[in-house]
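I opened this notebook to record what I looked up in one model, going from single residues to the whole chain.

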Amino acid sequence: MYKLKQIFMIPAKWAKPSFWLPEFIMKAVKERQRQMELAELETERLDRIRNPSKYRGK
């Protein structure tokens with residue numbers, strides 16, 4: 001009986017992470033988008049510091 005239980009538990013152990021994969025990918029994509037937005041804001045901030053005349057009056 002123990003061997004039979006083990007045979008059925010192996011696919012269950014492998015199936016569980018496959019359900020988490022889409023969620024993991026979605027979180028990774030959102031994190032990447034957030035990092036890109038922050039990098040863009042940081043680039044603009046540094047440009048404002050380096051070239052204040054371009055942004056005068058805005």
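**Notebook entries**

I began with phenylalanine 8, which I found in helix 1; helices here are DSSP runs of H or I with at least four residues, strands are E runs of at least two, and both are numbered from the N terminus. The model is predicted, so I noted that local features need pLDDT of at least 70 and side-chain atom pairs count only at pLDDT 80 or more, while totals for chains, interfaces and linings use all residues. I also noted that residues are numbered from 1 along each chain as its sequence is written, and that side-chain values use heavy atoms, with hydrogens and water left out.

Phenylalanine 8 counts as exposed because its relative accessibility is 58%; buried means under 20% relative accessible area, exposed over 50%, and partly exposed in between, with a 1.4 Å probe and protein chains only. Together with Met1, Leu4 and Ile7, Phe8 makes a nonpolar surface patch of about 520 Å². Accessible areas come from the Shrake-Rupley method with a 1.4 Å probe, and for residues only the protein chains shown count as cover.

Next I looked up arginine 34, also placed in helix 1, and found it partly exposed, with a relative accessible area of 42%. Its C-alpha atom is separated by 51 Å from that of methionine 1, 33 residues apart along the chain.

Is aspartate 47 buried or exposed? Aspartate 47 sits in helix 1, which covers residues 2–50, and it is buried because its relative accessible area is 18%. Leaving aside neighbours within four places in sequence, aspartate 47 is in contact (heavy atoms within 4.5 Å) with Lys54 and Tyr55.

Isoleucine 49, in helix 1 as well, counts as exposed at 53% relative accessibility.

Finally I turned to the whole chain, where I found 1 helix and 0 strands. The radius of gyration, taken over C-alpha atoms, is 25 Å, well over the 10 Å that the globule rule (2.2 Å times the number of residues to the power 0.38) gives for 58 residues, so the chain is more spread out than a compact globule. The C-alpha trace spans about 80 × 15 × 5 Å along its principal axes, and 3% of the 58 residues count as buried.

Key:
Patches are made of residues with over 30% relative accessible area and no salt bridge: like charges are joined within 9 Å, nonpolar side chains (Val, Leu, Ile, Met, Phe, Trp, Tyr) within 5 Å. A salt bridge is a side-chain nitrogen of Lys or Arg within 4 Å of a carboxyl oxygen of Asp or Glu.
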